[in-house]
Amino acid sequence: MRQSFIVPSVILLVTITFVSCDFQSKSKASKNDYPITPVPFTDVHLQDDFWLPRILKNTEVTIPIAFGQSEETGRIKNFEVAGGLTEGTFCTKYAFDDSDVFKIIEGASYSLMIKPDPHLEAYLDSLITKIAAAQEPDGYLYTNRTILGDSAYEMAGPERWSKVSEHSHELYNAGHMYEAAVAYYQATGKRTFLDIAIKNANLIDREFGWGKIEKYPGHQEIEIGLVKLYRVTGDKRYLELAKFFLDVRGPEGWEYNQAHQKSVDQREPVGHAVRALYMYSAMADIAALTGDTAYLNAIESLWRNLVNKKVYVTGGVGQSGGNEGFGPDYELPNMSAYCETCASIANVFWNQRMFLLSGDSRYIDVLERTLYNALLSGVSIEGNLFFYPNRLESNGNDRRQEWFGCACCPSNISRFLPSVPGYIYAKKEDHIYINLFINSDVDLKTDKGNFNLSQHSGYPWKGNIRVVVNPETDMAQTIHIRIPGWSQNKPIPGNLYHYHRMIESKPVMKVNGKETDYETEKGYLIITRTWKVNDQLEVEFEMPVRKTLALDSVKADRGRFTIERGPLVYCIEDVDQQQSGVRHIVADIDGKFTDRTSRDLWGGITTIGFEGRLLQRQIDGSVQSEGGPVQLTAIPYAFWANREPGQMLVWVPYRKENATPAPALTIAFKSHKICPGAKGNPELLSDQYNPVNSNDHSMGYIHWWPIKDTIVTMEYDFEKPGTVSSTRVYWFDDGPHGGCRIPAAWKLLYRKGNQWIEVEHDLPYPVTKDAFDVVDFNPARTDAVKMEITLQKEYSSGVHEWVLN
């Protein structure tokens with residue numbers, strides 16, 4: 001099945017046309033809208049060596065894989081069973097799994113816009129037939145309840161809409177269906193799927209609203225889908241329903257899904273990151289379409305808070321895996337960074353909308369940084385493996401996966417990548433914005449006639465931008481070329497990050513080879529003139545290697561720097577080094593950093609060479625350099641984990657006291673670890689990191705969640721027999737909201753022959769939160785020790801560190 005609709009390989013320099021699915025395309029809606037219009041995909045022709053191969057991989061590899069996984073896991077069969085087309089029961093783990101199929105259909109619809117494919121279109125038609133069969137007569141579409149009835153999953157609730165503000169995802173599924181239906185209608189002109197979506201939206205409109213069911217969606221998304229449905233149909237009920245779902249939210253709900261306050265009163269990003277950023281995107285839509293400034297004031301404040309306190313240097317958002325979202329201000333751990341791929345996609349959605357409202361390049365700066373770093377990291381170069389979280393530091397245990405039980409990220413990638421050309425250009429009356437530097441042609445229709453731009457650059461490796469202008473006739477137009485924040489000493493808008501050394505650089509603009517004056521406004525170079533056929537506009541942005549620092553408030557990044565060049569954040573990965581163990585490096589921030597083209601890597605990328613030293617902790621606790629200087633190579637962060645596994649590091653220490661030395665060669669470190677049923681890397685038990693508290697997520701831990709009310713074990717098998725007489729253990733406890741607590745009890749045993757014997761000690765075993773539990777015992781000579789841990793009746797547990805002396 002996976003091979004039946006693959007688009008044939010295409011030479012990379014071929015021109016590809018993208019059809020619009022954007023904000024104002026084919027709209028039948030009212031005149032109130034964003035003041036700036038994104039140029040639709042229909043008018044953009046891509047010829048880019050960086051982005052075109054990724055988009056083709058999405059068409060040829062990612063989408064077929066996603067459909068294949070949806071077949072194999074039963075996501076598609078759920079529609080067949082719900083529609084009475086086959087026998088069976090609900091096949092998958094989550095009640096929201098319908099949404100993955102909708103997202104992939106959306107991405108596949110964009111692929112049809114790239115290259116018509118009768119096989120793919122026929123396959124999509126067959127899926128839409130199954131979806132139509134699964135829809136109940138009144139328009140309800142939610143296969144978990146249709147199949148299981150009163151036995152629907154607990155997250156679905158006992159009846160329709162009963163848990164819609166919690167975890168049912170009924171409205172979330174609907175939102176993704178609307179987006180897919182609009183995309184397929186725009187791609188093919190066929191109304192079948194659009195009519196399914198309209199029937200469902202009409203049901204929801206009948207049942208929800210003021211004086212009807214006054215509940216908000218537990219996972220925001222339907223608001224975005226309803227706006228798209230409004231644009232394509234002109235039916236204002238859908239716009240009003242989207243606004244209702246925003247206005248009914250709060251103020252007495254969960255912070256997790258942003259229901260703790262009214263939407264317009266929120267000023268700090270909290271809770272689940274994807275939910276939040278989908279909501280902020282919808283608020284921008286409503287602000288544009290209704291002129292309601294309360295929404296605008298809220299999202300401007302939320303944006304400022306995010307870029308000043310909660311965004312990663314890669315543009316990723318969502319610090320914590322516990323809530324898949326935002327944590328406290330400035331708490332930006334690297335090894336446990338969550339930075340969900342879906343959150344990066346949502347961050348692009350939101351920042352594009354903020355730009356369309358304001359014309360301010362700051363929003364495109366955030367969009368670009370997210371796009372080239374945190375977002376692109378979410379999919380392998382071959383398009384067949386995926387990250388859910390995107391860490392900024394790895395102990396070598398992170399791998400992209402073929403699929404996930406909760407598969408929102410791969411399906412989201414499949415629908416996002418084809419849309420990239422829609423972010424390059426925008427227009428407002430006789431003003432044209434060039435926001436992203438991607439080789440492409442664009443045909444703009446103006447009141448004065450057609451206006452063609454052809455953009456040529458070596459971006460993101462080179463900062464030279466050349467635009468060939470070809471108006472239908474001599475034509476006065478104003479062109480705005482974004483001045484990237486990275487070229488103006490601003491890694492990210494706000495004050496969270498800054499460059500180690502400021503570089504004074506003013507872009508030079510040339511028209512037909514001659515330097516020309518320009519104006520600047522809101523981060524753009526602006527030139528107004530009467531353009532003639534084959535006019536040449538050139539701008540060059542210098543691309544030196546930069547070192548970026550964080551505010552001292554960001555504890556995880558103190559005494560550390562990142563390496564950047566142009567829009568790209570770099571990392572060091574074991575596979576490129578002569579010695580493994582990049583997490584244990586320290587480097588001189590003022591040392592020599594050299595950029596070079598590495599043609600043996602992915603067809604030629606820019607890498608950065610520099611010198612560092614490996615640090616090693618000794619048995620006595622001291623730290624020493626291990627050997628002499630080592631030559632290091634940094635690659636773009638988005639390219640990591642595409643080869644053999646190993647450690648990875650974004651934030652490079654320049655202070656020894658802020659570095660992470662290689663662990664001392666203790667008996668625990670050298671032992672083989674056995675932790676049945678535990679999640680996480682057992683090597684973390686002996687990494688010699690002292691946690692800040694029991695809920696410290698910064699460096700990793702092991703845990704047994706959701707196991708509870710039983711005895712679990714962890715074991716050290718020694719490299720060779722030795723004598724031990726003391727142990728220390730630091731428990732993981734993510735209360736009050738998580739599922740792990742300190743255990744009910746524990747004890748230590750050593751192996752003697754074939755028997756396990758408890759150690760002899762005088763005092764009871766302590767069980768302590770936020771500190772090491774220490775037990776001294778009579779010396780025992782052995783080749784292994786084991787800890788038996790009694791979990792609490794209602795909670796699981798975990799361990800940060802286990803020390804033996």
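The second largest pocket holds about 730 Å³ of space. Of the 31 residues in its lining, Asp49, Phe50, Trp461, Trp602 and Gly604 are the closest to its centre. The model is predicted: local features need pLDDT of at least 70, side-chain atom pairs count only at pLDDT 80 or more, and totals for chains, interfaces and linings use all residues. Residues are numbered from 1 along each chain as its sequence is written, and side-chain values use heavy atoms, with hydrogens and water left out.

A pocket is an open set of points on a 1 Å grid over the protein atoms alone, with protein on both sides within 12 Å along at least five of seven lines; a cavity is a set where a 1.4 Å probe fits but cannot get out, and lining residues have an atom within 4 Å of a point. Points are joined across faces, edges and corners, and a volume is the space filled by probe spheres set on them.

Helix H1 (51–73), strand E21 (594–598) and strand E22 (605–617) each supply at least two residues of the lining of the second largest pocket. The largest share, six residues, comes from H1. Helices (H or I, at least four residues) and strands (E, at least two) are DSSP runs, numbered from the N terminus.

Across the whole structure, eight cavities of 30 Å³ or more are found. The second largest cavity has a volume of about 60 Å³. Among the residues that line this cavity are Asp365, Glu368, Arg369, Arg482 and Trp486. Helix H13 gives the most to this lining, with three residues.

Ser361 is buried, with a relative accessible area of 3%. Buried means under 20% relative accessible area, exposed over 50%, and partly exposed in between (1.4 Å probe, protein chains only). Leaving aside neighbours within four places in sequence, Ser361 is in contact (heavy atoms within 4.5 Å) with Arg482, Lys522, Gly523 and Tyr524.

Helix H8 (residues 222–233) packs against helix H10 (residues 273–290) at an angle of about 35 degrees, with the axes 8 Å apart. Axes are lines fitted to C-alpha atoms, for helices over the stretch in contact, and angles run from 0 to 180 degrees between N-to-C directions. The residues of this contact divide into seven nonpolar, one polar and three charged. Because 11 of its 12 residues are buried, H8 is largely enclosed by the rest of the structure. What covers these buried residues includes helix H3 (98–114), helix H6 (170–188) and H10. Just after H8, Gly234 takes a positive phi of about 75 degrees.

Arg751, in strand E30 (residues 745–752), is partly exposed, with a relative accessible area of 22%. Beyond neighbours within four places in sequence, Arg751 is in contact with residues including Glu715, Asp717 and Trp756. Arg751 and Ile105 are 646 residues apart in sequence and 57 Å apart in space, C-alpha to C-alpha.

Conventions: Nonpolar A, V, L, I, M, F, W, Y, C, P; charged D, E, K, R; others polar.
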